[in-house]
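I opened the notebook to go through one structure step by step. I start with the strands and end with the core.

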Amino acid sequence: MLKNLKYYYRPKNLKDATKILAQGKGKIVPLAGCTTLGLRDNPRVEGVLDIAPLGLNYIKRDGPKIRIGAGTTISQLINSSLIKKVARGFLYRACLSIGTT
């Protein structure tokens with residue numbers, strides 16, 4: 001539980017987001033799907049930065065690599081045909097055991 005939470009930020013672009021995080025000096029943490037955010041017990045955290053509007057929810061093939069954006073939800077991973085094929089389905093099966101999908 002984040003008992004000292006005082007601030008909520010929702011930047012419009014990645015440049016603003018990185019600036020806010022840098023100025024927060026560890027007191028502001030990114031907020032994405034919230035799978036584990038509520039489990040944190042860090043009294044230093046005073047703010048969250050919502051990355052939802054930044055377009056970071058993607059799954060892309062980049063040559064031999066797969067790029068997964070920081071805002072990608074577990075549900076998006078589970079529903080991705082690309083993820084189901086990675087490492088003979090290992091990543092897909094791992095996603096089934098995370099959080100409250």
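In what order do the three strands of the open sheet lie, and is the pairing parallel or antiparallel? I noted first that this is a predicted model. The order I found is β1-β3-β2, and the pairing is parallel. As a reminder to myself, strands of a sheet pair through backbone hydrogen bonds.

Next I looked up the edges. They are β1 (7–9) and β2 (28–31), each of which pairs on one side only.

Then I took the pair β2 and β3. Strand β3 covers residues 47–50, and four bridges join β2 to β3 in the parallel sense. I found Pro30 opposite Leu49 in β3.

What packs on the sheet? I found helix α1, residues 14–24, which touches β1, β2 and β3. The direction of α1 makes about 145 degrees with that of β2.

I followed the chain into the loop between α1 and β2, where Lys25 lies. Is Lys25 buried or exposed? Lys25 counts as exposed because its relative accessibility is 67%, and the cut-off for exposed is over 50%. I also checked Lys25 against Arg44: they are 19 residues apart along the chain, and their C-alpha atoms are separated by 9.9 Å.

Last, I looked up the largest nonpolar core. It has seven residues, among them Ala17, Ile20, Ile28 and Leu49. I checked the contacts of Ile28, leaving out residues up to four places away in sequence. Ile28 touches Tyr9, Ile20, Leu21, Gly47, Val48 and Leu49.

Notes:
Residues are numbered from 1 along each chain as its sequence is written. This is a predicted model: local features need pLDDT of at least 70, side-chain atom pairs count only at pLDDT 80 or more; totals for chains, interfaces and linings use all residues. Side-chain values use heavy atoms; hydrogens and water are left out. Two strands pair if DSSP finds at least two bridges between them. Helices (H or I, at least four residues) and strands (E, at least two) are DSSP runs, numbered from the N terminus. Contact means heavy atoms within 4.5 Å. Axes are lines fitted to C-alpha atoms, for helices over the stretch in contact, and angles run from 0 to 180 degrees between N-to-C directions. Buried means under 20% relative accessible area, exposed over 50%, partly exposed in between (1.4 Å probe, protein chains only). A nonpolar core is a set of buried Ala, Val, Leu, Ile, Met, Phe, Trp, Tyr and Cys residues joined through side-chain atoms within 4.5 Å.
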